[in-house]
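Student: I have a new structure open and I'd like to learn how to read it. Can we go through it together?
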Amino acid sequence: MIHAAGVTKRFDGHTVFRDVAFTVGPGERVALLGLNGAGKTTLIRCMLGLVRCDGELRVAGHPVHLDGRAVRSRIGYVPQRPPQFDGTLAEMVGFIAQLRGADLEHIADRLQALDLPLEEFGEKRIRVLSGGMLQKVLLALALGSDVELLLLDEPTANLDPRARREFLRAISQVENNTTVLLASHRLGDVDAVANRLLVLNEGGIAFDGTPDELWAGARADVTLWIKVPPERRADARERLRAGCQLASVQANGAAIGVTVERHARADVIASLRAAEIAVQDFWTETPSLEDLLEHVLTPRTASVSGGNG
Amino acid sequence: MMPRRTMLFVRRELVSSLRARWFVAYSIIFVVAGLLLTTVGLADSVVYGYRGFVKAFAGLVHLALLFVPLLALFPAVQAIADERDSGALEYMLSQPVTSGEVYTGKWCGVSAALLLSLAIGFGVAGATALLNGVPLRLIVTLFTFVLLLALVFVAVGLCCSTLVGSKARAMTAAIVSWLVLVALGTLGIMVAFVRWGLPEAVLVLWTFVNPIEAFRIGVVSTMDADLSVLGPVGASVIQRLGQGGTIAAALLSLVAWIAGPGVLGWKLFGAERASG
């Protein structure tokens, strides 16, 4: 679906990335990770033909620099910042549908599935819709046009946690034959969507592999926060401290946090349940991408340097 | 025949402009000012005969010179800069369209909206003048020149908007270009002519290089064959080119000023894109 070879982009003498090479097959779910300024957005803009770049870049077999219209007709794009159109939602949807030659009924169905029925929201002005709603509208516009490739450029960056969860759920329900490329600097977004990671760092692909391979290479732990009944909290802390796989145990108000290997999370929960301590709630706090990349990239070992670095 | 996608952008820009406050405000300004100048100018004709009509005509010419360039620049700059700032432009360009379709659609859409606004304003003034015996030929000529002047500054505004990144800078560039052409252009050349005694040919050339001067000379020459109201510049121009040549040169200058910045903006708009 995407074929990049020797792709290089320079702005005013500054190299954003150089000789980037990767291939994404049809139906793959790929996360493009990188710190702010790594060049994720620029790479996506190159794929859309919005900016020029050197090297070979093809989407669905079409060279981007020669056949931009054909490329863009196959791509659905959700930018980081939702565009603020003048007019109503119905007008915007109608306009984009006409531009794409898409069936308006099909897009309306998609909007309905995303809890944004056109009958109810169509006459609302774009400027009064929330960021989360707008991102879902853009997703519906992309999916309603039967695109082959969905390019998502940090679509949850400006959303509140609830809107973010809803949006990621919607992406995870995209049909299997649609290729998804999600740019993000949030590891939390990646788990929900991608089964392959491309890490863009210092102008090149620093890692190309599965999330498990990244975590294994990083040897980074996550913090698991567990909420138990107040009367069992002391007991739970003792049991967790006794667990040999735990790096540390800390308390934070009503919850107990344990630093643990990513794959040991279920064991921790199971150990509490085995001791008949009710787990009321739990959530995972992943390390920041900066922390993870620091682990992964410092040694640049063979196991973590799948790309062209 | 315009491509389907370009037509979509024309229609969108037109609908958006018709809803905008500037469209209503401009129409009102043109109607009120046009009516005022025409009525006052023609009222004198009762006393002075034909001279009253000249006053009305001159008033409309000055109304156009004063307002049309500036008022054409704002919506033109906004058409691209606003949507660039709001992210809408990039989103539209990520669709299966070419940058040429987007730019042409915006160009035609803004132009159509502005022409409609002018048609309302100058139409009311023109109808009043026609009812008071002013020849239709003169009204049509004035309106044609006004439209061309408006289109010149739409093209300049779009070019400025494409040339610089932000809306504030685009607006500044547009106003500077207006100042250069209106204030410095006319006054500057007169000062230079008097102070340094520039050759007459330079003055004549400048008349047709500056679109505002071309408009003034062109539109006045349709009414006043010896261009006496424009002083020595007009006399020199008419002596060299004759009335027909002056009108043709003025029209050519305005058309060149529409095509030049318009095409430059069109090229710049698509320059950074990888495809189309």
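Tutor: Let's start with a sheet: in chain A, six strands form an open, mixed sheet in the order β6-β7-β8-β3-β9-β10. This is a predicted model, in which local features need pLDDT of at least 70 and side-chain atom pairs count only at pLDDT 80 or more, while totals for chains, interfaces and linings use all residues. Residues are numbered from 1 along each chain as its sequence is written, and chains are lettered from A and ligands numbered from 1 in the order in which they are written.

Student: What counts as a strand, and when do two of them pair?
Tutor: Strands (E, at least two residues) and helices (H or I, at least four) are DSSP runs, numbered from the N terminus. Two strands pair if DSSP finds at least two bridges between them.

Student: Which strands of chain A are the edge strands?
Tutor: β6 (75-78) and β10 (204-209) of chain A, each pairing on one side only. From one strand to the next, the twist averages 15°.

Student: In which sense do β7 and β8 of chain A pair?
Tutor: Parallel: β7 (residues 149-153) and β8 (residues 179-184) of chain A share five bridges. For L149(A), the bridge partner in β8(A) is T179(A).

Student: Which strands does helix α1 of chain A lie across?
Tutor: Helix α1 (residues 40-47) lies across β3 (29-33), β7, β8 and β9 (196-201) of chain A, at about 150° to β7(A). For such angles, axes are lines fitted to C-alpha atoms, for helices over the stretch in contact, and angles run from 0 to 180 degrees between N-to-C directions.

Student: And how many residues of chain A are in contact with chain B?
Tutor: Two residues are in contact if their C-beta atoms, placed from the backbone, lie within 7 Å. Here 27 residues of chain A are in contact with 20 of chain B. On chain A's side, α2 (68-73) and α3 (89-100) are the elements giving two or more residues, and α3(A) has the largest share, five residues.

Student: How do α8 and α9 of chain B cross?
Tutor: The axes of α8 (residues 200-209) and α9 (residues 211-221) of chain B come within 5 Å and cross at roughly 95°. That makes α8(B) roughly perpendicular to α9(B), a label for angles of 65 to 115 degrees.

Student: Which residues meet there?
Tutor: W206(B), T207(B) and F208(B) in α8(B) meet E213(B), A214(B) and I217(B) in α9(B).

Methods
Parallel < 35°, antiparallel > 145°, perpendicular 65-115°, else oblique.
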